[in-house]
Every structure is written in C-alpha cells, then in structure tokens.
Amino acid sequence: MAEVILNGVSKAFGATRAVRDVTLTIPDGAFVVLLGPTGAGKTTVLRLISGLEQADTGDILIGGRSVVRDTPAQRDVAMVFQQYSLYPHLTVRDNLAFPLRSPILKTPEEQITRKVREVAEVLHIAHKLDNKATALSGGEMQRVSIGRALVRSPQIYLMDEPLSSLDAKLRADLRIELKRIQADLGATLLYVTHDQIEAMTMATHVGVLDQGRLVQFGTPREIYESPVSSYVASRLGLPRINLLPAGLFGGAPSGARTIGMRPEHVAQGEGKPAEVIRVERLGDQTRLHLRLEGHDIVTLTEVHTSYEPGDTVAIQPRAALYFDAAGARIG
Amino acid sequence: MSSYSITEPSARQKWIAGTLVILYALITMIPLVWILLTGFKSPADAISYPPKVVFEPTLEGYVNLFTTRTRQTPEFLAANPPQTWADEIVRQYDMVIAGPSKFGERFLNSVIIGFGSTFLSIVLGTLAAYAFSRFKIPLKDDLLFFILSTRMMPPIAVAIPIFLMYRQLGLSDTHLGMILLYTAVNISLAVWLLKGFIDEIPREYEEAALIDGYTRFQAFVKVVLPQAATGIASTAIFCLIFAWNEYAFAVLLTTGTAQTAPPFIPTIIGVGGLDWPAIAAAATLFLLPVMIFTILLRKHLLRGITFGAVRK
Amino acid sequence: MAEIVIKDLRKDFGDFTAVQASSFKIEDGEFFMLLGPSGCGKTTTLRMIAGLELPTSGEIWIDGEEVSQKPASARDIAFVFQMFALYPHMNVRKNISYPLVSQGMPRARVREKVAEVARILGIEDILDRPVGGLSGGDRQRVALGRAIVRDPKAFMMDEPLGALDAEFREHMAEELRALHDRMGATTVYVTHDQLEAMQMGDKIVVMNHGVIEQFGTPQDIYDKPATLFVADFIGSPAMNFLKFTGQVEAGAVEVAMHRHRFMIPEMREAFDGDMVFGVRPEHVRLSDAGDFRGEIVASEYLGTTQIVTLKTPGGRLKARIPSDQVARTGETVALGFDPATVTLFDSQSGRALRSDLNEGVLGHG
C-alpha cells in the first residue's frame with residue numbers, strides 16, 4: 001500500500017473542465033471518500049489516477065513515484081467500477097482469478113486457487129464460485145466485483161460508487177464490511193460516491209468536489225461541523241441544511257447573506273412563529289416541514305409529536321452557520 | 001371465471017398465431033421439399049404430368065451428378081458385368097461410368113471460397129469495427145459512410161473494371177481472387193453490423209482488464225471477443241450466404257480451376273435433354289452447408305438478428 | 001376521486017399464487033403505499049386494481065362500483081410506469097394533451113387543461129420543447145402531467161422513482177407528495193423502498209410472499225410491527241433481534257433473557273418457547289454501569305447521530321446514539337433498552353406477541 005499524491009491536476013474534455021487544479025494527498029492506509037453530485041469530477045479523478053485518462057496538467061505520484069507516463073497496468077492500482085465489470089462469459093471463480101492471470105502478475109495456479117478461496121470467504125460468496133457471473137443477484141455481483149480488486153495487493157484501491165446499484169439493506173451491510181476489510185488490510189482506498197451516508201460512515205477523510213474543484217478536505221466530523229461554504233454544508237446532513245436569508249431572525253454577523261440551519265440548529269418553543277405544513281413520520285425520526293415568511297424549513301421533532309399541519313410553532317436559530325454572498329463561511 | 005393476464009395473449013390468440021406460423025412454414029418449404037424429392041426421382045418421373053408425389057425412389061440423379069457416362073455396345077456390356085450399385089443404375093440406359101464428374105471439385109471450390117471469404121470478412125470486420133467503436137479516428141463518420149456507400153450499388157455494376165483488373169493481376173479464375181472479391185463486398189456489411197454489437201459491450205469491461213494488467217489486444221481477445229460472439233455468428237451467416245450463393249461474378253471470373261458450384265450447376269443441363277434429378281440433387285447438396293452452418297450457430301442467431309430490439 | 005376497497009383478492013399464475021386473499025381499504029384522497037421486496041405480489045396487486053391483470057377471485061370496488069372483471073379502459077384510472085413512456089416525436093404540450101385530444105375534447109378546453117396541469121407541475125416553461133432533450137426529472141413531470149390531465153378517479157404508480165438516481169429520487173419524492181397534497185387524488189403507489197413508503201405514505205400495506213403482513217399508518221407499522229418480517233423490513237438500520245428461549249405470562253412486565261431481566265410492555269398473552277426480543281437501534285442506550293454488556297465493534301458517524309455496532313451475549317446489535325457521545329471500537333459498555341418500545345415475537349411463526357404496546361394494532365391483520 002502507498003501514499004498517493006495529486007499535484008495541481010487538471011483535465012478537460014473539450015470545453016468541459018472536468019477536473020480543475022486538484023491537489024490532494026491520500027495518506028497510506030487512509031479511506032478517502034470523494035463526495036459530490038453527478039458531474040463534479042469524482043469519477044474523472046479516479047480515472048486519472050488509474051491511468052484510464054491522461055491528465056492535461058499536474059503530477060500524480062503513487063508511493064513517491066510519478067506515474068503520469070505509465071499505462072494503467074504499470075501503475076499497479078485496482079479499480080471497482082459502478083457496474084459492468086464482471087465478465088458475463090466467465091464463472092465467478094474465473095472472474096476473481098482474472099487479474100491474477102494477467103501477464104503482469106502471472107500468478108501460479110495453486111496460489112490463485114488459494115487467494116480466490118480466501119477472498120470468496122471474506123465476501124461470503126464461496127458457495128457461488130462455480131456459478132456463471134450472470135447467475136448472481138445484484139449484491140453478489142457487486143461483492144464479486146469488489147473481490148476482483150481484493151485478490152490483488154495493489155498500491156491503492158479505487159472504487160467508483162460500488163454500492164450505488166444495491167438496495168438499502170445490502171448497502172448498509174457492505175458499508176460495514178468494506179470498512180472492516182480496509183482496516184484489516186491497512187489498505188489505501190479512494191472511494192467515490194454521491195451518497196453522503198457512505199461518505200460519513202466509512203471515510204477517514206472526505207474530499208468535497210464542486211465542478212471539478214476540491215473545495216474541502218477533512219474528517220467527516222470536520223466537514224459536517226465546520227463546512228467552508230454553503231455548498232459543502234448542503235452536501236452533508238439529512239434532512240439537508242436549511243439555507244435562509246441571514247436577516248430572517250436577526251443577530252447575523254455583518255456581511256452575512258445566508259444563515260444555514262441544520263435541523264439541530266432550529267430551537268423550538270421560542271422565536272418566530274412558523275406554520276406546520278407537513279409532519280413526516282419516518283419511524284425513528286419525525287420531520288416537521290415548516291413555513292416561515294414564505295421560506296420552507298425542515299427540522300426534526302419528538303418522534304410521537306402531536307403537531308398537525310396548520311399548527312404554529314415558534315422557532316429560532318441555535319449555533320447556526322453564516323455564509324457571505326459568495327457562499328463562503330463567516331466566523 | 002378463468003383468470004388471465006390482459007397483457008399476455010390468450011389461448012385462442014396463441015392458437016391462431018401458431019396456425020399462421022405453421023402455414024407460412026409449409027408454404028415456404030414446399031419448393032425445397034420438391035427439390036429434395038426430385039433428386040430421388042427417375043428422369044421420367046421428374047417430368048411426368050400430373051406431377052408424381054408417390055414414386056419409386058432412385059439414386060440415379062446423384063449418380064449422374066457425380067459421374068460422366070458413355071454409351072457402349074451390347075457386346076462390351078455383356079463382357080463387363082456391373083461392379084457396383086452405381087454401375088447397375090446406368091446399365092439400364094446401356095451406359096457405363098467413365099469417370100467422376102467435375103461437381104466434387106466445384107463444390108470444394110465453393111466451400112474454400114465461401115468459408116475463406118467469410119473468415120476473412122469476419123477477422124477484418126471485427127478489428128475494424130472495434131477500432132471504429134473504441135478509438136477516436138479522424139473523419140470517423142465519413143469513413144463509416146464511405147464504407148457503407150460501397151453497398152449502395154449492385155456489386156455487379158463494377159464487373160467490367162474488376163474483370164480487367166483481375167486479368168492484369170492474374171487473379172482471374174483463382175481461389176484467392178474470388179476470396180478477396182467476396183470479402184471486399186461483404187466487409188462493409190460486416191463492419192456495420194459488428195460495430196453495432198461492439199458498441200453495446202460496455203467499455204468498462206476492457207478498462208477493468210487494462211487496470212488488471214492486460215494489454216489492449218489481450219483485453220480485446222479475452223473480454224470483447226467472447227461477448228461479441230453472438231454478433232460475430234450472425235454476421236458470419238450473412239457473409240456466408242452471400243458468398244455461397246453469388247452467381248454473376250462467379251460466371252464472369254471463373255471458368256475452370258476456381259469455378260464455384262452456382263455457375264456449374266446449370267451446365268449439368270447438357271447432353272441428352274434435361275437431367276432434372278441431377279440438377280435437383282446438386283441443388284440439395286448445395287443447400288446443405290449453409291443449413292448446417294446456420295443450425296450450428298442458431299442459438300446465437302436468434303438474438304443476433306433481433307439485436308437492438310432485445311437489450312440486456 | 002374515489003375510495004378503493006379490495007376484498008379477498010387472489011391471483012394465481014398456474015401453480016404459483018402471486019397474491020392470496022388480500023383485503024384492505026384505501027380511503028378517498030389517500031396516498032397509499034404497497035410495500036414489499038421484489039416478488040411479494042405488490043405489483044400484481046396494483047395491476048389488478050388498474051385492470052391490467054384480472055384476479056383469480058375476489059372483489060375490487062372503485063368509487064362504489066365492483067370492477068374486478070372490467071377492462072382497464074372502463075375503470076377511469078391513470079397508470080404511471082417506472083419507465084416514463086413519452087411519445088418521442090411530440091413536444092411536451094402534445095404529450096400532455098394527447099389523452100384529451102384522443103377523447104375528442106374541444107381544443108380551447110384542452111389548452112386550458114394543459115395550462116392548468118403545467119402550472120401545478122411547474123413545467124410551463126418547457127411546454128413547447130421536444131421531449132428528447134429533457135432531464136430525467138422533467139420527463140417524469142411530463143409523464144405525471146399526462147396522468148393528471150385526465151382527472152382520473154385514482155392514480156396507480158409502479159415505482160415511478162425507481163429509475164432516478166438516489167439524490168434526485170428524494171427530491172422528486174417530496175415533490176410528488178406535495179403535488180398529492182395540493183390535488184388530494186387517491187393514489188396507490190408501489191415501492192420496495194421502505195424509506196420512500198414511510199416518507200410519502202398516509203397508509204402502508206406491507207406484503208411478503210403474496211400475503212399482507214401488516215396494514216396501517218407508517219408510525220404504527222414502525223413502532224408496533226405485527227411480524228418479524230415487518231420489523232426487519234421497516235427501518236434503517238433494522239430492528240435488533242435477540243433470540244432467546246424462555247417464557248412470559250399474560251400481565252408480565254419483565255422477561256428473563258440470557259440470565260438478565262428486562263422490562264417490557266405489559267403482556268396480553270402468555271408464551272413459552274423460542275422467542276425474539278425486538279428493539280429498535282434508537283431505543284438502545286449505552287452507559288458505563290450495568291450488567292448486560294457488549295463490545296463495540298464498529299461505529300458509523302452520521303452527523304447528529306452515530307450507529308454503533310455491538311457484540312453481546314444475545315448476538316450483534318446496533319444502537320443509534322448522539323454523535324457527541326464517545327463510543328470507541330473495542331470498548332465494552334453496558335446496554336439498556338427503552339422498555340415501552342420492546343416487542344416480543346414468536347420465533348417460529350414470526351408473529352408479534354400481544355402486549356400493551358401493540359394491542360390496538362394487531363387484529364387489523
């Protein structure tokens with residue numbers, strides 16, 4: 001495993017600047033998650049590191065060595081794709097063995113057999129080894145895809161939304177499993193997702209991308225508690241942070257244009273009266289959809305609340321975040 | 001109350017559809033069955049009117065197809081009793097078998113040229129289609145259009161220039177010449193069909209192989225080819241059918257060594273009136289290779305022909 | 001708009017029973033969810049209500065009329081499919097007006113209707129655009145528009161958000177629910193996503209293997225699951241299940257499990273044998289003192305809360321605790337459960353045992 005460094009890396013596709021001047025250090029043994037919406041450049045960063053795309057400018061170092069001129073094979077990275085990476089004409093066993101049989105690794109067969117069995121056990125697919133890849137369920141397929149990366153011991157594992165096509169329950173199980181495997185192996189892992197839950201629960205470090213730029217890099221807690229901008233603030237947290245005109249409640253610092261209130265920043269009982277629009281009961285939490293002077297606010301309340309649509313509840317901010325006109329955090 | 005699904009056909013609808021399919025199959029098969037039967041008729045039965053459906057089968061047509069025969073004097077016939085069942089058949093016309101006919105050779109020519117050009121079309125077509133599908137090629141769209149445009153005229157329209165070129169190059173009446181010609185005609189179809197199939201194979205498969213340490217060519221062989229098998233099979237069938245059945249160029253460019261079966265078969269209608277059973281026997285044998293080839297590739301073919309409509 | 005009543009509805013495909021003897025009632029104006037894993041019979045049920053599938057037996061009443069053997073076209077229902085089937089050669093306006101034009105409505109009236117629907121959906125600005133270049137969300141709005149414009153008695157929706165990506169799905173779910181609140185149309189909605197069902201539904205039917213496991217409001221189904229299946233299917237992370245063998249008496253307020261005693265809601269029935277002790281993650285409390293202890297094996301940060309996975313004598317379980325409470329992997333902590341929220345299940349049948357907590361809810365079937 002190795003440290004991976006991106007130094008001022010940019011990549012454009014025609015007029016689209018997919019990645020802009022990204023500088024990023026992925027420490028050895030870290031689980032780094034790149035978070036951003038579709039089109040933020042997350043996948044392009046992965047493809048640049050893997051060598052499937054060539055950077056226009058900037059340098060990429062894997063284990064201290066510049067790899068920008070290397071082919072994907074020479075870079076010694078393993079990648080898990082969002083979908084489609086299992087070969088439908090091969091069995092699960094042959095799919096798992098495929099990377100080990102490559103001309104670069106040329107592993108002896110008995111070693112392949114052992115390694116494949118080991119990985120299959122870890123991922124609970126040992127009983128499916130002789131099935132055709134197409135005869136698997138979605139969850140099994142994705143575990144085999146991850147397994148195809150795990151059979152190798154590359155410098156870094158690259159994963160492109162490997163869980164996004166799975167249902168919620170399976171996703172939750174695999175999240176914990178993946179985190180455990182990464183910790184056990186001490187592997188360096190770069191993981192791309194637009195799912196904030198994956199980012200928060202698995203990452204040692206989160207990088208937030210906005211239109212190709214890396215706008216913040218830190219631990220999940222840092223990103224959640226001290227976002228540098230309103231954009232970053234709205235990437236993490238469910239329900240999403242409420243962004244409202246700063247003057248709505250008064251007491252805003254000078255220069256503030258927007259107040260950002262996460263649900264826990266909305267204190268109920270005192271302050272301005274807001275109308276209850278809808279009470280959304282999700283079982284473990286109950287969300288209040290409020291309207292205050294034409295602005296929608298979502299907050300959490302006591303699970304078995306007696307609020308009904310049409311009721312009035314007084315609210316005020318508590319330790320809220322403030323942002324200036326450009327969206328940058330103040331104070 | 002019977003239960004059924006609105007979106008599924010009812011038993012009655014299935015019955016009607018089945019009947020129509022069987023009826024259609026019968027109509028299209030009648031000429032083929034007629035040819036098959038005629039091959040086993042005697043010349044007299046073959047031209048009798050009204051046509052005979054029940055007749056005494058004979059291999060006379062097949063014997064006539066594969067042999068040349070000469071008429072002999074009664075003395076010679078008496079001195080040389082028939083040696084084989086084939087001899088017996090020709091004796092009834094006071095003839096003996098003089099030697100093998102050219103049909104065997106011509107049939108072999110058809111096999112060499114038909115399968116040879118199919119193989120070449122597929123190899124070149126797959127490589128070209130892969131390149132067009134995966135690489136950024138300057139003027140790609142124009143090149144693809146140009147390739148397709150070679151199919152916009154009937155190939156025979158360029159018969160005269162090709163005839164002259166082949167004479168200059170010494171390719172007239174050679175196997176190589178015919179293979180190259182049929183390949184040239186088929187390749188545009190092959191490139192277009194195969195590009196469609198390869199476009200549908202996600203790139204991620206090859207990219208995964210590249211990262212796992214394979215070269216692009218290895219990824220192509222190990223990952224793309226197996227998945228393109230369906231497309232390759234159905235394209236191969238289209239190519240073979242064209243090369244196998246082609247008549248006009250074969251007449252023009254082949255006379256002896258490289259002559260294929262299509263121009264040869266009509267020459268059987270020769271000496272001594274119309275030998276319909278022999279022609280029918282030739283036609284029957286001529287149909288077999290394409291039929292066997294198609295049956296072997298059948299499981300690929302169904303999905304191949306409907307490609308675009310059925311996607312997974 | 002209409003009330004829909006389903007009575008003993010059953011559907012067989014050959015030997016396979018897709019839906020068995022289902023009965024439930026959808027009130028006028030309700031947003032009604034059919035929830036379950038794939039193959040549970042929810043889509044078949046929806047298709048029977050819509051008339052795309054005829055039931056083997058049973059009754060379907062829409063607006064006081066028995067329609068179970070009537071064709072779809074005679075039921076006055078709109079169906080929104082997962083794949084938004086728009087006519088690609090028409091622009092947005094033509095797509096939306098098509099159902100009206102084919103009914104022979106006068107053109108001025110059609111224009112008026114389309115304008116109204118476009119305003120409801122907020123797509124007035126794209127009315128004259130071709131459907132080809134639209135985003136996934138806009139395509140879905142147009143598909144909805146085509147369903148709404150007819151003023152049908154009810155809407156049937158078969159996982160209409162299933163094809164959208166997760167981020168956008170949440171947004172559209174909110175929009176769809178808000179739209180429903182404005183129009184008040186009876187809607188039957190099929191989904192396999194429990195969160196979607198909880199978020200949008202007024203009532204939920206949970207199905208499994210063609211059988212209705214539970215029918216009720218989202219909060220009741222969450223707090224008072226009738227079966228192990230429901231308890232496991234609803235909620236993320238799912239309810240914790242601790243298996244044990246023991247007995248409880250009617251009237252008991254305590255149960256002995258793994259040599260510890262736990263408070264439970266007062267039992268309304270007695271049971272002896274294999275049981276499951278069910279408690280939701282947010283009702284598990286971690287503390288230093290206590291004798292039922294577990295080792296922390298993982299913790300997942302979620303902003304305001306965190307999910308802690310623990311290894312206990314009764315098996316693995318998860319707790320949802322505030323993220324400012326320290327929970328270090330490897331540490332051993334004491335566990336407590338909120339007594340009022342515990343459900344005991346018969347391990348064999350999966351049925352919830354009746355108690356003070358769920359008494360009012362079970363019985364509905």
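Here are some friendly notes on this model, which is predicted.

1. **Chain B as a whole.** Start with chain B, which has 15 helices and 2 strands. Its radius of gyration is 26 Å, well over the 20 Å that the globule rule gives for 312 residues, so chain B is more spread out than a compact globule. You can check this by eye: the C-alpha trace of chain B spans about 85 × 75 × 40 Å along its principal axes. Buried residues account for 33% of the 312 residues in chain B. If you look at contacts in chain B with a separation of 6 or more, 75% of them join residues 24 or more positions apart.

2. **Chain C as a whole.** Now turn to chain C, where there are 8 helices and 20 strands. Along its principal axes, the C-alpha trace of chain C spans about 75 × 45 × 35 Å. Of the 365 residues in chain C, 45% are buried. Among contacts in chain C with a separation of 6 or more, residues 24 or more positions apart make up 65%.

3. **The nonpolar cores.** Which residues touch the most other members of the largest nonpolar core? They are Leu158(A) and Leu190(A), in a core of 134 residues. Helix α9 of chain B, residues 175-199, gives the most to this core, with 12 residues. As background, nonpolar side chains in soluble globular proteins tend to be buried together.

4. **Where chains A and C meet.** This contact takes 23 residues from chain A and 24 residues from chain C. On the side of chain A that touches chain C, the elements giving two or more residues are α6 (168-185), α7 (196-202), α8 (220-225) and β13 (266-281). Of these, α6(A) gives the most, with 4 residues. By type, the residues on this side of chain A divide into 10 nonpolar, 6 polar and 7 charged.

5. **A bent helix in chain B.** Have a look at helix α11 of chain B, residues 216-245. This helix has 30 residues, but its end C-alpha atoms are only 37 Å apart, short of the 44 Å that a straight helix would reach at 1.5 Å a residue. Where does α11(B) bend? The bend is at Ala229(B), and it is about 55°.

6. **Two cis peptide bonds.** Most peptide bonds are trans, and most residues other than glycine have a negative phi. The bond from Leu238(A) to Pro239(A) is cis, with omega near -10°. Pro239(A) sits in the loop between α9 (230-235) and β11 (242-245) of chain A. In chain C, the bond from Ser236(C) to Pro237(C) is cis, with omega near -5°. Pro237(C) is in the loop between α8 (228-233) and β11 (240-248) of chain C.

7. **Two positive phi values.** Asp173(B) is not a glycine, yet its phi is positive, near 55°. You will find Asp173(B) in the loop between α8 (159-169) and α9 of chain B. Because Asp173(B) has 16 C-beta neighbours inside 10 Å, it counts as partly exposed. In chain C, Asp76(C) has a positive phi near 55°. Asp76(C) lies in the loop between β5 (65-66) and β6 (77-80) of chain C. With 16 C-beta neighbours inside 10 Å, Asp76(C) counts as partly exposed.

Note on methods. Residues are numbered from 1 along each chain as its sequence is written. Chains are lettered from A and ligands numbered from 1 in the order in which they are written. This is a predicted model: local features need pLDDT of at least 70, side-chain atom pairs count only at pLDDT 80 or more; totals for chains, interfaces and linings use all residues. The radius of gyration is taken over C-alpha atoms; the globule rule is 2.2 Å times the number of residues to the power 0.38. A residue is buried if 20 or more other C-beta atoms lie within 10 Å of its own, exposed if 12 or fewer, and partly exposed in between; C-beta atoms are placed from the backbone. Two residues are in contact if their C-beta atoms, placed from the backbone, lie within 7 Å. A nonpolar core is a set of buried Ala, Val, Leu, Ile, Met, Phe, Trp, Tyr and Cys residues joined through C-beta atoms within 7 Å. Ala, Val, Leu, Ile, Met, Phe, Trp, Tyr, Cys and Pro count as nonpolar, Asp, Glu, Lys and Arg as charged, and the others, Gly among them, as polar. The expected span of a helix is 1.5 Å times one less than its number of residues. The bend at a residue is the angle between axes fitted to the seven residues ending there and the seven starting there.
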